[in-house]
Amino acid sequence: FFFDRRYCTYGSANPMAPAPQTLWLAGCFLLFAAIPASSRKPSTCSAQNMNDEESMTTPVASLLHKVGNSPTSANVLLKAKTAKVSGKEFASKGAHESLREALARAQRWQQQMSVITQAAKATQARMPRQDSHPNPSPKELAGNVTYDYVGHLMDVGAGNWTPYVKQFCKSFLVVDPVGTKNRTSKKQLRQVLRDRQDMFMPEGFALFVKAITISQDYQQTAVFSSMVVPSANGKMEEFVDRTDFLTIETRKNKNCISSLKTYWSTAGSLLRAPVSVQHQTTEDGIRNYLRALHELGTNQSFDYFSQFADNFTVHDPLGMPPMTSLQELQTAIPELAKLLAPQGFTVDVEGVTVAANPEYGSAHLVLHFIGGASVDIIDIFQITSQGKVKNLKAVWHIV
C-alpha cells in the first residue's frame with residue numbers, strides 16, 4: 001500500500017454527467033480515477049509530506065424498504081462540485097475494483113429511477129411533509145457537506161486539524177467513537193485529536209471511503225470507510241473500519257455539522273484491546289440480521305422477523321416515521337417489495353463495525369435487486385445482550 005499526501009482538484013464539464021461526484025472521490029481517495037476524459041476537467045495534484053492526528057479515549061420483501069441511496073447513486077444525483085481535498089491516499093488493486101463496481105451500480109441504479117419514483121409515491125402517506133426549497137436542494141447541500149467532511153477527515157489523518165474543527169456548528173456534539181466522552185467545544189476536539197495521535201496514531205492514517213449515503217429527509221448522512229494506520233516503524237498497517245454518522249444543519253450563510261457520532265473501536269486492533277463478550281454479541285447480532293434479510297429476499301425463510309427485541313424501533317429509511325411493531329414491519333415491507341423487487345433481492349455484506357460502547361455497531365451492505373439495480377446502504381444498530389436488534393437506523397433514501 002502507498003501512503004502519500006496529495007491535493008487533488010476535479011471539476012466537471014457537465015454537472016449532470018453520471019459520474020463526476022463519484023470520480024471526484026475516486027481521484028482523491030483511491031488514485032484510480034477511472035473516468036472518461038469527456039466528463040471531467042484535468043486533475044491537478046501537488047505532493048506534500050504527511051503527518052498525523054486523532055485520539056480516542058411477504059418474503060422477497062424486506063430490504064426493499066431500503067432501496068435508495070448508494071454512495072454513487074447519491075453522487076450521481078448531486079451536482080458536481082469542485083473541491084479541494086488533502087490527506088494520505090490509499091491505493092490498491094482491490095480499491096480500483098471496488099470503485100469500478102460502485103460506478104457500475106450507479107449506472108444501473110439510474111436506469112431504474114422510474115420504478116423508484118413509483119415506490120416513493122407508494123410511501124408518501126408515511127413520509128414527513130417536505131417544504132419546497134430553492135436551489136441548491138437539501139439533498140445537494142447534504143452531499144456537499146458530507147464530501148467536505150470526508151476531505152477534512154483525510155486532513156486530520158495528515159496532521160491538519162483546522163478544517164475539521166471549523167466545519168462544526170456553533171453548538172454541536174461529537175461522540176467519536178460512541179462510548180467515549182461527549183465533546184461540545186472546539187478546544188475539546190483539538191485536545192482529543194492530539195491525544196489520539198500521541199497514543200496510537202503517531203504516523204497518522206489514510207482513509208479509504210467505501211460508501212456515502214443520505215437519509216430520506218436529507219438531514220443525516222453516513223460514511224463507511226477504512227482507516228489504514230501505519231505502525232511507527234512503517235513495516236505494517238492496521239485496518240480499522242468505521243462509520244461516521246452526521247446530522248447537518250442548513251443555514252442561509254453556512255451549512256454545518258451539528259452532530260457527529262462514529263462507530264469503531266480499538267478492540268482487536270491498534271491498542272490490542274481485547275474483544276468483549278458484548279462486542280462479539282453485537283457483531284454476531286448484526287451479521288445474523290443481515291443473513292436473515294438475505295434469506296427473506298431470496299424466499300428461504302422468515303427468520304428476519306425474529307431478529308428484533310421485544311421492544312424495538314426501526315427507522316427504515318431514516319427520515320420516515322419509525323416502526324415499533326412486527327405488524328408495522330410486516331405491512332410496510334411488502335408494499336415496497338411489490339414495486340421494487342417483485343423477483344426478490346440478495347444482500348452482500350461489505351463490512352461490520354462495533355463501537356467503543358459495544359452495544360452499538362454499524363454495517364455497510366449492498367442490496368441487489370434480482371433482475372434490477374444494486375444499492376449501497378449503511379445501517380446503524382443497537383444490539384441487546386441477547387443479540388437482538390433494539391434500534392436500527394437505515395441511512396438511505398428512495399429518491
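Which side chain meets Asp 303 in a salt bridge? That partner is Arg 291, and the gap from N to O is 3.2 Å. Keep in mind that what you're looking at is a predicted model. The protein chain has 399 residues, and buried ones make up 57% of them. Here's a quick tour, topic by topic.

**The overall picture**

- If you trace the protein chain, you'll come across 9 helices and 13 strands.
- The chain exposes about 16400 Å² of surface, with carbon and sulfur atoms supplying 49% of that area.

**Salt bridges**

- The count of salt bridges comes to 7.
- One of them joins the side chains of Asp 176 and Arg 196, at 3.1 Å from N to O. This pair links distant parts of the chain, 20 residues apart: Asp 176 sits in the loop between β4 (168-175) and α7, while Arg 196 belongs to helix α7.
- Are these two partners buried or exposed? Asp 176 has a relative accessible area of 8%, so it counts as buried. Arg 196 is buried too, since its relative accessibility is 0%.
- Another salt bridge pairs Asp 244 with Arg 242, and their closest N and O atoms are 2.8 Å apart. Asp 244 is at 1% relative accessibility, so it's buried. Arg 242 comes in at 0%, which makes that residue buried as well.
- Now put those four together: Asp 176, Arg 196, Arg 242 and Asp 244 are linked in a network of salt bridges.
- Back to the opening pair, Asp 303 and Arg 291, whose side chains meet in a salt bridge. The two residues are 12 apart and link distant parts of the chain, with Asp 303 in the loop between α8 (277-297) and β9 (308-315), and Arg 291 in helix α8.
- Why does Asp 303 count as partly exposed? Its relative accessible area is 27%, and the partly exposed class runs between the 20% limit for buried and the 50% limit for exposed. Arg 291, with 33%, is partly exposed too.

**Aromatic rings**

- Searching the whole structure turns up 9 aromatic pairs.
- Tyr 164 and Phe 168 are both buried.
- Tyr 304 and Phe 305 make another pair: their ring centres are 5.3 Å apart and their planes stand at 90°, so this one is edge-to-face. Both Tyr 304 and Phe 305 are buried.

**Charge on the surface**

- Which residues gather in a patch of positive charge on the surface? They are Lys 166, Arg 190, Arg 194 and Lys 254.
- You can find Arg 190 in helix α7, which covers residues 186-200. With a relative accessibility of 39%, Arg 190 counts as partly exposed.

**A buried glutamate**

- Look for Glu 140 in helix α5, which takes in residues 138-157.
- Glu 140 has a relative accessible area of 8%, so this residue is buried.
- Along the chain, Glu 140 and Tyr 218 are 78 residues apart, yet the distance between their C-alpha atoms is 8.7 Å.

Notes. Residues are numbered from 1 along each chain as its sequence is written. This is a predicted model: local features need pLDDT of at least 70, side-chain atom pairs count only at pLDDT 80 or more; totals for chains, interfaces and linings use all residues. Side-chain values use heavy atoms; hydrogens and water are left out. Helices (H or I, at least four residues) and strands (E, at least two) are DSSP runs, numbered from the N terminus. Buried means under 20% relative accessible area, exposed over 50%, partly exposed in between (1.4 Å probe, protein chains only). Accessible areas come from the Shrake-Rupley method with a 1.4 Å probe; for residues, only the protein chains shown count as cover. Patches are made of residues with over 30% relative accessible area and no salt bridge: like charges are joined within 9 Å, nonpolar side chains (Val, Leu, Ile, Met, Phe, Trp, Tyr) within 5 Å. Lys and Arg count as positive and Asp and Glu as negative; His and the chain ends are not counted. The place of a charge is taken as NZ of Lys, CZ of Arg, CG of Asp or CD of Glu. Rings of Phe, Tyr and Trp (its six-membered ring) pair if their centres lie within 6.5 Å; planes under 30 degrees apart count as stacked, over 60 as edge-to-face and the rest as tilted.
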